[in-house]
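Please look at the side-chain contacts in the model below.

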Amino acid sequence: MATQAEGSVGGNVVQAINRIFSEALSARTEEQLCQLVLSVAEDVTGASYSLMGEINQATDRLDNLAISARGLQIFADHDATFTTDFMPAGFVLRGLFGAVLNEGESLIANDPANHPERGGAPDRHPPIDNFLGVPLTRGGRTIGMIGLANRPGGFREWDRDAIEEMAPAIVQALFSKRAEEALRTSEVRYRTLFERMGQGYLEGQILRDVEGRAVDFRLLELNPVFERLLRIPVDEAIGRPIREVLPDVEEFWIETYDRIVRQGVNSWFEHEGLLSSKWLQVHVYPHSDDRFVALYEDVSERRRADRALRDNRQRLRSVLEGIPQLVWIAGERGEWTWVGPQWMSFTGLSMEASLGLGWLDALHPDDRAGARDFWQEAGNRGALEMEGRVWHAREGRYRWVQTRARPVRDDAGAIVEWFGTSTDIDDLRRLQERQQLLVAELQHRVRNILTIVRSVFSRTIEAGGPLEEISDHFKGRLDALARTQVVVTNSVSGLVDLENMIRDELLSVGVNEGPGVEIEGPDVALPARAAESLGLAIHELTTNAVKYGALKVPGARLTIRWTANLLYDGKKRLVLQWVEQGVPALPVKPSRQGFGTELIEEALPYRLGAETALEFRGGGVRCTIAVVLPAEETAIVGWRDE
């Protein structure tokens, strides 16, 4: 009978195991599988209900994996608050459950109340009339248990043997289901990542001809991003050679993938194309059997941005190198980090020599301390403006420059660097200084000419005579002054050419140089003050010659000659002679002293320190004027030393 019973149990176990593995495929979750296992165990043993638990390795307590369908009903009938929303967990390993788990051996307790390991069931657990516990082991370690309860008539040893024979299959089915769920979860996660990843994914295999040369590659796997990049449906492309999908594909792609596969080294590159105008960044990972995986990222926007940035930098560099200002960039405290070619050409300092505080070497020694002070206050003012002298290598001297800089700030408002220019204002400063001198000179000349006009007017009136004659004399003298002033104001130097002044005066009365007029002397440029007085003297002599002298009498002759001598003390001595000949008149001096005589004999010595001699001889007037002029106020060509 025992043998027959054992054979019957063995057959039941085999059927039970087959049922577990066949129906396990339909179980969608781990809990459904465990409930299936418990249902089979109850059918084999005749237990009223059952449960399966697993030791929590983190807490060393028992967590329920599942309660059989019968058990759930019994639990619900016993405790109205029982819910199936979650499995009870965290049971301390004690009592009947603890004996099975701690000892790792099966236990039959048909009289639980009097069993040495009685108790251990959690609160509100249905009554246990009898109990069979079988440990579940894996890798030689107890990982959990299956517990059956309340078999009519109690549990038998062959019930224990049957469950023990089923236990390895139960563990295998449980962990297979877990592996299946993990794989399914991983596949879902992978597929989600695969379909949502921002990069195009291509898995391919190099196709070779009979000689082993790469001629194509087959598309084994593609993701939706790759479809958007190439504008071809993934379903139509997978499994086909790339030349079949894209007949005009560049040879570059086949050659590049072949090289990377043969080298066996992960690589990346950027390339424009693959039948589109997009720039792609490609990471390639070679595998065995001529396979490879390529990840594509559209970097067209970045490439366009990079190109625009390069173009902007090139335009900025062209602007910076084309402007006349000296351009530079400095750090927060004035340490230069870049200088333009204008600075290097201007100062002769190289880029390396100018960086940091090296630029200070180009400043005039007296300006360096001031430049440092400006930089110390620049951050507080938010701007830098200063003037100083910078060495000009080509001219070999310092030139004045105006320096201005504005800060570049980060998002927080902190100064990160300074952008500055230095402008050559040396010529401007010299012009301003010249302008100040000219204004002062103009004021002096105006006062001087007004004094002369007042004197001319007074002396003309005092000379007396008809009103018309007085008017003509006064007008002629003002015209002489005006001619001199025109020459002075039109000359950049403010000097008057002596010969031109004499010729202009003669021309004003219609006289040119000819047989009766001789003009001779070196080039002499007179300062305005001397030209005004000498011009009036020439006018008086000319007027007298026209009325009474050599310019009135036919056959008479006028000689105007001057010499210019350089004295030993650096001053210049001008001697002017006016000589008339052939005038039929008695050598008698006029009865009264006129304006011309007074001008020559008194005004010239007073105003210019001149030595003068005026003689009324038979044959005409003879006048000599000698005046000494400072060297810095007169330009004279052809000096001779005395």
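Where does the charged end of Arg303 sit? It lies over the ring of Trp279, 3.5 Å from the ring centre. A charge counts as over a ring if NZ of Lys or CZ of Arg is within 6 Å of the ring centre and within 35 degrees of the ring normal. Arg138 likewise lies over the face of Phe175, 3.9 Å from the ring centre.

This is a predicted model, in which local features need pLDDT of at least 70, side-chain atom pairs count only at pLDDT 80 or more, and totals for chains, interfaces and linings use all residues. Residues are numbered from 1 along each chain as its sequence is written, and side-chain values use heavy atoms, with hydrogens and water left out.

**Aromatic pairs**

The structure holds 16 aromatic pairs. Rings of Phe, Tyr and Trp (its six-membered ring) pair if their centres lie within 6.5 Å; planes under 30 degrees apart are stacked, over 60 edge-to-face, and the rest tilted. Phe97 and Phe131 form a tilted pair, with centres 5.6 Å apart and planes at 35 degrees. Phe97 sits in helix α4 (residues 95-103) and Phe131 in strand β4 (residues 131-138), 34 residues apart. Helices (H or I, at least four residues) and strands (E, at least two) are DSSP runs, numbered from the N terminus. Phe97 is buried at 8% relative accessible area, and Phe131 is buried at 2%. Buried means under 20%, exposed over 50%, and partly exposed in between (1.4 Å probe, protein chains only).

Tyr257 and Phe292 are stacked: their centres are 4.5 Å apart and their planes at 25 degrees. Both residues are buried. Ring pairs join them to a cluster that also includes Phe217, Phe252, Trp253, Phe269 and Tyr296.

**Salt bridges**

The whole structure has 37 salt bridges. Each is a side-chain nitrogen of Lys or Arg within 4 Å of a carboxyl oxygen of Asp or Glu.

| Pair | N to O distance |
|---|---|
| Arg19 and Asp43 | 2.9 Å |
| Arg243 and Glu251 | 2.5 Å |
| Arg430 and Asp426 | 2.9 Å |

Arg430 and Asp426 both lie in helix α14 (residues 426-463), 4 residues apart, about one turn of the helix. Arg430 is partly exposed at 45% relative accessibility, whereas Asp426 is buried at 2%. Shared partners join both to a salt-bridge network that includes Glu395, Arg397, Arg399, Asp424 and Asp427.

**Helix α3**

Gly71, Leu72 and Phe75 are buried in helix α3 (residues 69-78). The face turned away from the buried side of α3 carries exposed Ala69 and Asp77.
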